[in-house]
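Subject: Handover of a structure and its findings

Dear colleague,

Please find below the structure that I am handing over to you. I would be grateful if you would look through it alongside the notes that come after it.

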Amino acid sequence: MSSDQVRNLLLAFQNGQASLEEAMEQLRTMPFEDLEYAKIDHHRAIRQGFPEVVYCEGKTIEQVAAIIEHLAERNPNVLGTRASSSMFEAVKAKVPDACYHELARLIMIEREPAAIDDSRFILVLTAGTSDMPVAEEAALTAEIMGNRVKRVYDVGVAGIHRLLAQREIIEQANVIVVVAGMEGALASVVGGMATKPVIAVPTSVGYGANFGGLAALLTMLNSCAAGVAVVNIDNGFGAGRLASIINQMR
């Protein structure tokens with residue numbers, strides 16, 4: 001339940017348009033709803049501006065479907081990350097307007113698109129095409145949370161002229177998300193070009209000595225470029241959420 005929904009409910013009660021029993025019924029699951037295997041935080045949209053996001057990996061298909069169904073009953077926009085197509089089919093059976101982004105492995109319900117400030121945008125860059133699943137997780141997360149997002153993919157340092165050709169859009173962006181595997185050097189290069197905050201996302205893309213993204217993570221953490229922050233390996237959602245918070249600050 002969003003802040004606007006709570007406000008409208010209280011106004012309806014104040015104006016006699018809703019009875020005390022009706023108001024209590026709508027508020028009964030605040031601040032959370034106990035499903036035994038999950039305690040759904042229906043209060044999160046009020047505290048943080050977006051409902052609880054469901055991390056689907058590691059949950060059963062039935063658990064994912066039930067959690068998202070309960071969230072969708074009380075929130076117009078819902079997001080599930082790291083979801084399989086089987087999980088989506090189960091959700092779709094309960095919530096017909098759910099959609100699935102296969103590359104990003106996201107389940108999304110968007111009934112009331114958030115207002116977007118067109119004067120600023122988040123730029124998502126990838127070093128390679130193989131980094132796109134994580135990048136799309138970041139980009140779609142930021143979009144459903146009310147941000148304009150632009151994408152520039154496959155501009156890694158092995159062909160740095162491809163990145164230098166993007167100088168104008170890099171300078172125009174309000175926040176930049178850099179997604180890179182292998183050695184992860186792209187974040188430092190972009191950080192040295194940009195005056196805006198850079199959120200670096202190491203990916204597990206790479207050969208053996210990449211150590212499942214650890215090499216890229218350490219490179220990004222050791223960046224000598226100022227203004228670069230780093231999220232966990234393959235954490236596109238975390239980068240998209242952080243970029244959204246920064247982009248919407250006034």
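The notes below cover the nonpolar cores, a pair of helices and several individual residues.

Please bear in mind that this is a predicted model.

Nonpolar cores

The largest nonpolar core comprises 23 residues. Those with the most contacts inside this core are L123, L125, L163, I170, I176, V178 and V190. At least two residues of the core come from each of strand 7 (121-126), helix 8 (167-172), strand 9 (175-180), helix 9 (186-193) and strand 10 (198-202). Helix 9 makes the greatest contribution, with four residues. Apart from this core lies another, of 19 residues, which includes I40, I68, L71 and I109.

Once its neighbours within four places in sequence are set aside, V190 is in contact with L125, L163, I176, V178 and V198.

Helix 4 and helix 5

How do the axes of helix 4 and helix 5 cross? The axes of helix 4 (residues 61-74) and helix 5 (residues 85-94) come within 9 Å and cross at roughly 40°. Helix 4 is therefore oblique to helix 5. The crossing in which helix 4 passes helix 5 is right-handed.

On the side of helix 4, the residues that meet helix 5 are I61, V64, A65, I68 and E69. Their counterparts in helix 5 are S86, M87, A90, V91 and K94. Sorted by class, this contact between helix 4 and helix 5 has seven nonpolar, one polar and two charged residues.

T126 and L186

T126 lies in strand 7, and L186 is found in helix 9. T126 counts as buried because its relative accessibility is 0%. L186 likewise counts as buried, because its relative accessibility is 1%.

Not counting residues up to four places away in sequence, T126 touches D131, A135, V152, Y153, D154, V155, G156, V179 and L186. With the corresponding neighbours left out, L186 touches T126, A127, V155, G156, V157, L163, V178, V179 and A180. As a point of orientation, L186 and N77 are 109 residues apart in sequence, and their C-alpha atoms are 33 Å apart in space.

M182

M182 lies in the loop between strand 9 and helix 9. Is M182 buried, partly exposed or exposed? M182 counts as partly exposed, because its relative accessibility is 42%. Leaving aside neighbours within four places in sequence, M182 is in contact with V205, G206, Y207, N210, A215 and A216. M182 and N210 are 28 residues apart in sequence, while the distance from C-alpha to C-alpha is 5.9 Å.

T81

The remaining residue is T81, found in strand 4 (residues 77-81). T81 counts as buried because its relative accessibility is 4%, and the cut-off for buried is under 20%. With neighbours within four places in sequence left aside, T81 is in contact with V53, V54, Y55, C56, E57, R105, L106, E137 and F237.

Yours sincerely

Definitions and conventions: Residues are numbered from 1 along each chain as its sequence is written. This is a predicted model: local features need pLDDT of at least 70, side-chain atom pairs count only at pLDDT 80 or more; totals for chains, interfaces and linings use all residues. Side-chain values use heavy atoms; hydrogens and water are left out. A nonpolar core is a set of buried Ala, Val, Leu, Ile, Met, Phe, Trp, Tyr and Cys residues joined through side-chain atoms within 4.5 Å. Buried means under 20% relative accessible area, exposed over 50%, partly exposed in between (1.4 Å probe, protein chains only). Contact means heavy atoms within 4.5 Å. Axes are lines fitted to C-alpha atoms, for helices over the stretch in contact, and angles run from 0 to 180 degrees between N-to-C directions. Angles under 35 degrees count as roughly parallel, over 145 as roughly antiparallel, 65 to 115 as roughly perpendicular and the rest as oblique. A crossing is left-handed if the near helix is turned anticlockwise from the far one by less than a right angle, and right-handed if clockwise. Ala, Val, Leu, Ile, Met, Phe, Trp, Tyr, Cys and Pro count as nonpolar, Asp, Glu, Lys and Arg as charged, and the others, Gly among them, as polar.
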